[in-house]
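I opened this notebook to record what I looked up in the structure, one topic at a time. The entries follow the order in which I checked them.

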Amino acid sequence: MEKQLLRITVNGEYHEVYIKPKKLLVEIIRDELGLTGTKRACSTASCGACTVLLNGMAVKSCSILAMQAEGAEVTTVEGLAEGAKLSPIQRSFLDQGAYQCGFCTPGMLISATALLKENPNPTRQEIKEAIHGNICRCTGYNSIIRAVQGVAEGKYREGGR
Amino acid sequence: MKKFTVINTPVHNIDGVAKVTGRAIYTFDVKLPGMLYGKILRSPYPHARIKNIDASRAEKHAGVKGIVTGKDTLGIKQGIWRRFKELCDEEILARDKVRYIGEPVAAVAAVDEDTAEEALDLIEVEYELLPAVFEPLEAIKEGAPQLHENAERNINVTRHIEWGDVDQGFKDADYIREDWFKCSSQHHVCMETHCAVASYSPEGKLTVWTSTQSHYYIQLLLAWVLGLRENDVRVISRYTGGGFGSKFELDSAQFCSSLLSMKLCKPVKIVLSREEEFMATKRRTPMFYYLRTGVKKDGTFVAKEARAFTEGGAYTSMGATALYLTGFFQAFPYVWPSYRYDGYRVYTNTEPSSAMRGFGAPQATFCAETQIELIAKELGLDPIEIRRKNSMYPGYEVPGQAWIQSCGLIQCLDKIEKWVKSRGKLPPNHGIGLAAYGFMSGGIFNWFDTPYAFSAAIVKINVDGKVDLYVGSQDMGQGSNTTLSMICAEELGVRLDDIRLHMGDTDICPVDLGAWGSRETLMQGNAVKMAAAEAKRQLLEFATAKLSPNIVYDLDIKDRWIHLIARPERGLSYYDVVKEAIRGRDGQPIIARGHYTPHRKGMISPAYSFGVQAVEIAVEPETGKITLKNCVTAHDCGQVINPLGLKGQLEGAMAMAAGYGFTEDLPMDEGKILNPNLVDYKVLRATEMPETEVYEVETYEPEGPFGAKEAGEGLTNPTAGALSNAVFHAVGVSIKNLPITPEKVLEALKEKKKKKEG
């Protein structure tokens, strides 16, 4: 199959890559761009480990072809921090121990980031629904919910890490 | 001065920043120059003889670099019970016979995964189908199809535990109850599926990156089946994306990638798909349980007889251990004057069953706690009171099996009783159920036959005061890296950020048997504490010479301050002493070793955790649907090391155990798993998780580091039983067949109604 040109901005960096058109967005992010923070843990778009921000929306990057992201802006977990300064949700995850094995964490952080952007003061139920598509086998979710609540309550508004 | 300066304070996991920034490199992320990608061809039949494998077409497929089958192996039947040859029964790449759907028969290495996958379709395997058997109660019958030559009636292992006079006990009982239970299977569902990158070099060295709970076990097992010297195999496992009992046996990704790499002298990566993970790794052992229990009118336990028939699947794996532990924990956490257990592990043509978080104890606890609730109801006794009356206590000896040193079960029951009362009268169709449990802090058994200590650690103090801590244990998310660093910092008298931990590499780490059976806090923790204490002793020798105190004074280090214990203001900075001590030792850093092997601690474990869990639910009588409302746990894990990590472990265990109780199952048709994906296999989602509350009950465990013992695994034991008891109190039916699905509840309600009307 002939390769096609994909123009995509990931974490603020513009890329032009020639790819097989059947490649999924997650495959390009991980294999072509080497951003292995984004994970995969199923092949049925049901675990959320591959969640990225696509033009600001949380999207499972295994559920779309990379070519569908032509011209788009993508944020992965590697794009959440500014240098050594972690984003509020990353700091809150640390404070609440909202990760254990860490494999679902990148996708979980992205889903939480998308939620807080859209709804800075979510209820507990809204938080649960926002991460409903992300499976975590370690934490039982409650620490993740507390972490999102922590950011919503403004605990991380001032200063950096 | 505070008792502790490091432990019992909540801290971020030391690998937390790597994990929240996506910088943690898992095996899944490893990419080496020139790396090939492997895929595994698996049997579509539950039981068949392999007549011939023709890979010639696949070999010619463009992009294919190499293929291996059973003929390329040494044909060694391996297993983790190395001391018992007959229990080493799995070849991984089958040569003669396949015994379950998903068993590997060939593996391909190619330039990419797609090409390898295409090549699988070109391999022609000629099978002769054999009759198969899927249920243990069928497989044990005379004349059933036999899986292994040396296992008559498919009996793989039997276990017997007995103490007291059981027959007399039943004669003395005022009330006897018999029940059958069925405990379902469950899959670990690690987020990182089994995977490995193997790289063989022309010097004859094999390096394997893999997602594992025990790099030491994998090193030895690989060396054995590949005919290599143990220390020519290096296993690296820095981050493991979940384990839960599924990742300390040799798996097909590790074995096939190694074989292919040895054949091609190129790195080969194999990542199991989620479907392969479900169908062809290992899973929780399904069990049929018979319980006969005798009690006095006042609820005093007098006799118990238990029989378990476990669905072993095709191979032994860790199932033999689960068979013993389920029998042992069937009697937990109570005092039984007489007890008899007979366990039978039966081979079936299904995916092998093995270890999973709780290791046989969740099954035992579900049956035992469900039955106790029924007994309490029939005798008109309070469910908490009957448990309190029969509770284990500090100093109790489980006859011939174990010694209980610390035990906070009564305090746990008190806390839960208070919470239950605080809920007051519940709305209709709501119910609270509870279950008590205990668990081990590392197993004493050594069927793996290691000649090394069970755990070992090395501490090295550098001139800037930074401490290198080398451990053999594996952090798979449970937080042992942090726990062990905290134990080291506390013992040595420094801060957590003075510790630099090294783990997950057989080339540089001392041996530890791995992260299973809740070993790490107690066993690896004791080894770390011993190494840190020895390093401290070396430093204090030097400090004593410097401070020159009266000989009756003792020195200690706390928070980087070396001082006289009796006069804490008199002392020296840790940093200054380290600098001078190293200079005084002709420039040698301070190095100390520690190790731990349990001796004379009974048959099972050196220490036991205890707890009680209460679950509040609501049942929709029209649909049978269960909604979790609350989950409250009182827990005795001895001295808490990292409260933040502990809370996460407890909540996570509860979520997994609730899944076991009411949503997760592996239904099969003729040995084929019907739901091998995350759409149809229902793990708990955030929306289903109830609020959780945890009460810590403080005890001191003399055998544990700073008094600590198991936390996090045992909490998978009580939930299914608590759920079934909650359903019983909510709508008056007792479900003895896991998982407790809406269909089963509805069926039982109909049955109940029919009985009432009839």
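I began with the domain assignment of chain A, automatic or from a database, which gives domain 1 (4–79) and domain 2 (88–152). Taken over C-alpha atoms, the centres of these two domains of chain A are separated by 21 Å. I then looked up the contacts (C-beta atoms, placed from the backbone, within 7 Å), and found 15 residues of domain 1 of chain A touching 13 residues of domain 2 of chain A.

I noted that this is a predicted model, in which local features need pLDDT of at least 70 and side-chain atom pairs count only at pLDDT 80 or more, while totals for chains, interfaces and linings use all residues. Residues are numbered from 1 along each chain as its sequence is written, and chains are lettered from A and ligands numbered from 1 in the order in which they are written.

For confidence, I read a mean pLDDT (the predictor's confidence in each residue, from 0 to 100) of 97 for chain B, with 100% of its residues at 70 or more. The predictor gives the complex an ipTM of 0.98 and a pTM of 0.97.

Definitions and conventions: Contact = placed C-beta atoms within 7 Å.
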